[in-house]
Amino acid sequence: MQTFRIANLEIKAVKESADKICYVLYPLENLGEWIEEAAQRFGVTIVVVTGMDWDDDLTPWPAAGQPPGCPDFRGYATRFLSTLITDVLPEVEQRLGMSENAERTLTGVSLSGLFALWQWMINDTFHNIISLSGSFWYARFVEWIKAQPVPRKSGRAYFLLGDQEAKTKVKAFQPVQTDTVEIVSYLHDNGINDFFELVPGNHYQYGELRLNRAFPWMFGGK
């Protein structure tokens with residue numbers, strides 16, 4: 001495993017393929033030894049990026065903080081996406097010796113799952129996305145998605161949500177299952193190659209198990 005810093009972000013990378021690379025925006029401490037094992041099992045280079053401001057760098061526009069009483073979301077996703085594309089990806093892929101036309105996938109969970117879909121709608125840097133428990137309850141996000149002309153995508157999109165997530169006491173989070181189904185249906189009806197799973201559990205539960213459900217669909221393997 002290689003470890004380095006780019007643009008004040010912590011990067012941990014395991015190279016397994018020169019042609020397929022998956023960037024994971026996920027708290028590393030929740031992944032354990034999964035990175036090395038998964039890279040080998042699924043035949044994909046895995047790069048975990050941490051150190052971003054979770055509430056601000058991954059949100060697409062300002063919104064009230066949730067749960068109530070939390071600081072407001074500042075909506076710096078555009079700036080963070082620029083950092084990824086301009087600073088992080090070129091240096092990572094040069095260090096790892098990736099091929100010029102390597103297929104990129106972006107994986108996120110919670111707010112980074114929201115970020116993964118948001119950037120996919122406006123940018124073609126990442127061929128595929130994986131969104132685990134994406135925060136699609138975010139203020140005006142469903143409306144924004146349905147107001148966009150769905151881009152033609154040759155890549156694929158995987159979505160997963162825990163079946164207990166909508167049962168939270170936080171009112172703003174309660175529509176997450178309805179919102180996710182609405183978004184996925186809209187994308188599917190507009191030609192996106194997608195797959196959605198509703199699985200047991202709550203938000204952030206079973207992190208490695210959920211990644212191990214998403215990766216076979218996206219990359220093959222076991």
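1. Let me start with Ala-7, which is partly exposed because its relative accessible area is 42% (buried means under 20% relative accessible area, exposed over 50%, and partly exposed in between, with a 1.4 Å probe and protein chains only). Ala-7 sits in the loop between strand E1 (2-6) and strand E2 (9-14); helices (H or I, at least four residues) and strands (E, at least two) are DSSP runs, numbered from the N terminus. Although Ala-7 is not a glycine, its phi is positive, at about 50 degrees.

2. A word on the basis of this note: the model is predicted, local features need pLDDT of at least 70, side-chain atom pairs count only at pLDDT 80 or more, and totals for chains, interfaces and linings use all residues. Residues are numbered from 1 along each chain as its sequence is written, and side-chain values use heavy atoms, with hydrogens and water left out.

3. Please look at Asn-8 as well, which is found in the loop between E1 and E2. Asn-8 has a positive phi of about 65 degrees and is not a glycine. With a relative accessibility of 62%, Asn-8 counts as exposed. For background, most residues other than glycine have a negative phi, and most peptide bonds are trans.

4. Pro-67 belongs to the loop between helix H2 (54-57) and helix H3 (77-96).

5. After H3 comes Gly-97, with a positive phi near 70 degrees.

6. How do H3 and helix H4 (residues 111-122) pack, and at what angle? Their axes are 11 Å apart, at an angle of about 75 degrees, which makes H3 roughly perpendicular to H4. Axes are lines fitted to C-alpha atoms, for helices over the stretch in contact, and angles run from 0 to 180 degrees between N-to-C directions. Angles under 35 degrees count as roughly parallel, over 145 as roughly antiparallel, 65 to 115 as roughly perpendicular and the rest as oblique.

7. Which residues meet between these two helices? From H3 there are Ala-77, Thr-78, Phe-80, Leu-81 and Leu-84, and from H4 there are Phe-115, Trp-118, Gln-119 and Ile-122. By class, the contact of H3 with H4 has seven nonpolar, two polar and no charged residues. Here Ala, Val, Leu, Ile, Met, Phe, Trp, Tyr, Cys and Pro count as nonpolar, Asp, Glu, Lys and Arg as charged, and the others, Gly among them, as polar.

8. Leu-81 of H3 is buried, with a relative accessible area of 6%. Not counting residues up to four places away in sequence, Leu-81 touches Phe-115, Trp-118, Gln-119, Ile-122 and Asn-123, where contact means heavy atoms within 4.5 Å. Leu-81 and Asn-123 are 42 residues apart in sequence, yet 9.5 Å apart in space, C-alpha to C-alpha.

9. Across in H4 is Gln-119, which counts as buried at 0% relative accessibility. Leaving aside neighbours within four places in sequence, Gln-119 is in contact with Leu-81, Leu-106, Phe-126 and Ile-129. Gln-119 and Thr-59 are 60 residues apart in sequence and 10 Å apart in space, C-alpha to C-alpha.

10. Ser-110 lies in the loop between strand E5 (103-109) and H4, and at 6% relative accessibility Ser-110 counts as buried. Beyond residues up to four places away in sequence, Ser-110 touches Trp-54, Leu-132, Ser-133, Gly-134, Ser-135, His-203 and Tyr-204.

11. Finally, the core. The largest nonpolar core has 80 residues, of which Ile-46, Val-92, Phe-115, Leu-117, Phe-141 and Phe-215 touch the most other members; a nonpolar core is a set of buried Ala, Val, Leu, Ile, Met, Phe, Trp, Tyr and Cys residues joined through side-chain atoms within 4.5 Å. Leaving aside neighbours within four places in sequence, Phe-141 is in contact with Trp-61, Leu-114, Leu-117, Trp-118, Phe-136 and Ile-183.
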